Amino acid sequence: MSAGKQSLLEVRDLKTRFYTFAGVVNAVDGVSFTVGRGEILGLVGESGGGKSVIGFSILGLIDPPGKVDDGEILFDGTDLRRKSEKELQKIRGKDIAMVFQDPMTSLNPLQTVGEQIDEMLRLHSDLDARARRARCIEMLTDVGISEADKRLNNYPHQFSGGMRQRVVIAIAMIAGPLLIIADEPTTALDVTIQSQILKLMRRQVRERDASMILITHDLAVVSQMADEIVVLYCGKIVEKGPKQDLISKPAHPYTQGLLGSIPKLHGRQERLTQIPGTVPDVRNLPKGCNFRERCPFAQARCAEEEPEQISLGADRSVACHFPLEQELEP
Amino acid sequence: MLGYLTKRLIQMTIVLWVVSVIVFMMMSFTGDPVFMVVPIDATDAEIAQARRILGLDQSLLVQYVKFLTSIFEGDFGRSYVFRQPALELILQRMPATIEMVLVAMAFAVIVSIPLGVYAGAHPDSRISKTIMAGSLFGISLPGFWVGMMLIYLLAVQWGWFPSSGRGDTVEVFGLRLSLLTTDGWHHIILPAFTLSLATTAIILRITRAGMMEVGRQDYMKFARAKGVAPRDVLFRHGLKNSLIPVVTIFGLQIGDLIAFATITETIFSWPGMGKLLIDSIYRADRPVIVVYLMLVALIFVVINFLVDLLYTLIDPRITLK
C-alpha cells in the first residue's frame with residue numbers, strides 16, 4: 001500500500017486449511033497484505049497456489065472440509081472473522097462483492113439476467129420495484145450492454161461469454177461495494193474480450209473509488225491493472241510490492257520466472273523461459289524453501305531453513321535467502 | 001407449438017391403439033367370461049346363446065374390429081357383470097381414486113421436497129443420514145403391511161380414524177367428492193398416507209441427488225457471495241435447478257398411483273377404480289378391463305405431456321419441438 005492512503009482491508013497472518021482424507025492442506029499459510037482505498041491489488045500465483053481460497057476466506061465462504069484457522073481479516077477496521085453469518089450476509093455483495101472466473105457457470109441458468117441483478121438491490125437497498133428496475137437498466141447500460149431494458153428479460157444462455165461477464169460485473173457493482181474480489185475474471189474469456197473486460201473493471205473500480213483484489217495467474221493482466229502486487233507460492237507470499245518496482249526488479253526467483261514466461265510484443269522474441277518442474281504436493285511440502293527444487297539459484301541453506309519475509313525498502317518485501325538484485329530489461 | 005401438439009396427438013393415438021391390441025389379445029387368453037355370466041346349472045344351449053349375445057362366438061379379429069368401430073361410435077362396451085356401460089362404471093369410481101391420489105401426492109411433496117433439499121445440502125449431517133435411512137423404509141415396506149398396521153393401531157386400537165370407506169360425499173357437477181366434507185377428510189387420511197409412502201421416499205431421494213449435484217455449481221457459491229441467505233440459496237437458486245428429474249418422477253408416480261392404487265383401495269375398502277379393476281379381473285369382466293387399461297394409458301400419455309410442458313416452464317433452455 002502506498003504511503004498516505006488509508007487502508008480498507010488488512011489481512012494478517014491468514015491461515016486456511018483443508019482437512020481432507022489424504023491429509024491437511026495448508027492452502028493459505030500465514031498470508032498478510034493490505035489493500036488501500038481506491039487501490040487495485042494483484043494476487044498472482046500458479047493454480048493450486050491458494051489464490052482463490054484467500055478470496056473466499058475474506059468473504060467467509062470456505063466450506064468444510066476447509067476452515068479459516070487463524071489470522072485477522074480487518075475490513076474497514078472490524079475483523080470479519082468475528083462477524084456472525086447473518087452479519088456477513090449484509091457485507092457480502094453490499095460492501096465486498098465478488099466476480100467469478102467462469103461467466104458460463106456463475107449465473108443461474110433458470111433466472112433472467114434482470115432477476116439476478118435485481119436480487120442484489122432487493123437484498124441491499126430499500127428501493128421499490130420501479131426504482132430497482134431503473135437502476136438495473138442503468139447499471140447494465142453502464143457495463144456496455146445495449147438495449148438493456150429488453151435484455152433484462154433474457155436468460156444467461158442468450159448472452160455470449162463476454163456479455164455474461166459484463167452481467168456478472170454489473171451484479172458485483174450495483175450495490176456500490178467498497179471492495180471487489182475478482183477471481184480470474186478473464187481467464188475463461190476470449191483474448192480479444194479479455195482486455196475489454198479488464199478495462200471495464202478498471203473503469204468501474206476507479207469511477208467509484210472502490211478497491212479491488214484481482215486474483216490471477218497472469219502477470220501480464222496484473223501489470224495492466226494493479227497498483228500493488230502480491231506473489232503467492234504454495235499458500236505463502238513470496239514477494240510483494242508496488243507494481244512498477246516489482247515488475248522491473250523482481251527479487252524472488254519465482255517472480256522472475258513468471259515474468260520470463262510472458263511474451264513481449266516488441267523486439268526479437270527469444271524462446272519463452274519456463275519455470276522447470278511443478279508445484280510440490282501441498283500435503284507434503286519439502287523442508288526449507290518451497291520453491292527450492294525449481295529454483296536455479298538454490299543453495300544448501302535453502303533446503304534447511306524456510307526463508308522469512310525480509311523488507312526491501314518502503315513497501316517491498318521478499319521471502320528468499322538470496323534475493324535477486326539485477327534489474328530486468330524493459 | 002401447433003406442430004408439437006399435432007405430433008403428440010398422433011403419438012397418443014398410436015399408443016392407445018397399441019394398448020388396445022395388446023390388452024384385447026391378452027384378455028382372450030384368460031378364461032372364458034361366459035361361465036361367469038351364466039348360472040351354474042345352465043344347459044349347453046343357454047351357454048351358446050349367452051356366448052352369441054356377448055359376441056364371443058366370433059373370431060378374435062372380428063371381435064376386435066367390432067370393438068374398435070363401436071369405440072368410434074362412443075360405445076366402449078358393457079360390463080358383463082353390472083350390465084352397465086364399462087366407461088361409465090369406471091368414471092363413476094374415478095373421483096374417489098383421484099382424490100386419494102391427489103392427497104397422497106400433496107403429502108408426498110410437502111414432506112419429501114424440504115427433507116430432500118436439506119439432505120442434499122448437508123449430506124454428512126446426522127439428520128440427513130436419519131432422513132435417508134427413513135426413506136429406505138418408505139421404499140421397502142410393502143404398502144399393504146403399512147396399511148394394515150395403521151388400521152390396527154390408529155383405527156382399531158386407538159380409534160382415531162375410520163378403518164374403511166370414503167365417508168360422506170357431496171355431489172358437485174355430477175361428481176361425488178369427499179374432500180368437501182370433514183368426514184371425507186377423516187376417511188381419506190389413512191389410505192392417502194399409506195399410498196404416499198413409497199412416492200415420498202422416491203421423490204426425497206431424487207431431490208437429494210439433484211441438490212447434491214447443484215450444490216457444486218458456481219452459481220450457488222455466487223449467490224452466497226451476493227449475500228443471499230443460505231435457505232434462499234437452496235430454495236430459490238438450487239431447488240429449481242434440480243427439479244427436472246423430480247418432475248419427471250412425480251409425473252410417473254401420479255400416473256402409477258391413479259392406475260394401480262389397487263392394493264391400498266382394497267385394504268381400506270376405498271370405492272375407487274382400482275378396486276373395480278381387481279373385481280373385474282376376478283370376474284373376467286373383459287370390457288371393463290380393456291377400457292380400464294386404455295384409460296390408464298391415456299392418463300399416462302396426458303400426464304407425460306403435462307410434464308413436458310412443465311419442463312419448459314422450469315427451464316427456458318428447453319423448447320418443445
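In chain A of this predicted model, P65(A) sits in the loop that runs between helix α1 (51–59) and strand β4 (66–75). This proline is joined to P64(A) by a cis peptide bond, with an omega of about 10°.

Chain A brings 29 residues to the contact, and chain B brings 19. Between them, an area of about 2,300 Å² is buried, and carbon and sulfur atoms give 57% of that area. Polar links are also present: there are 11 residue pairs in polar contact across the interface of chain B and chain A, counting pairs with both residues at pLDDT 80 or more. On the chain B side, helices α9 (218–225) and α10 (230–241) each supply at least two of the residues that touch chain A. Of these elements, α9(B) provides the largest share, with 6 residues. Sorted by class, the side of chain B that touches chain A holds 8 nonpolar, 3 polar and 8 charged residues.

Salt bridges cross the interface of chain B and chain A as well, and 3 are found there. In one salt bridge, the side chains of D63(A) and R224(B) meet at 2.9 Å, taken from N to O.

The residues of this pair turn up again around an open space in the model. The second largest pocket has a volume of about 900 Å³. Its lining is made of 25 residues, and those closest to the centre of the pocket are D63(A), A121(B), G215(B), R224(B) and L234(B). By class, the lining of the second largest pocket divides into 12 nonpolar, 5 polar and 8 charged residues.

Rolling a probe the size of a water molecule over the atoms shows where empty space is left. The search gives 3 cavities of 30 Å³ or more, and the largest cavity has a volume of about 60 Å³. Around this largest cavity stand H252(A), P253(A), C289(A), F291(A), R292(A), C295(A), F297(A), A298(A), C302(A), C320(A) and F322(A). In terms of class, the lining of the largest cavity comprises 9 nonpolar residues, 1 polar residue and 1 charged residue.

Terms used
Residues numbered from 1 in each chain as written. Chains lettered and ligands numbered in written order. Predicted model: local features only at pLDDT ≥ 70, side-chain atom pairs only at ≥ 80, totals over all residues. Heavy atoms only, no water. 1 Å grid on protein atoms, 1.4 Å probe; cavity = no way out; pocket = protein on both sides within 12 Å on 5 of 7 lines; lining within 4 Å. Points joined across faces, edges and corners; volume = space filled by probe spheres on them. Nonpolar A, V, L, I, M, F, W, Y, C, P; charged D, E, K, R; others polar. Contact = heavy atoms within 4.5 Å. Buried area = accessible area lost by both parts, 1.4 Å probe. Salt bridge = Lys/Arg side-chain N within 4 Å of Asp/Glu carboxyl O. Polar contact = N/O pair within 3.5 Å; in protein donor to acceptor, adjacent residues only side chain to side chain. Helix = DSSP H or I, 4+ residues; strand = E, 2+ residues; numbered from the N terminus.
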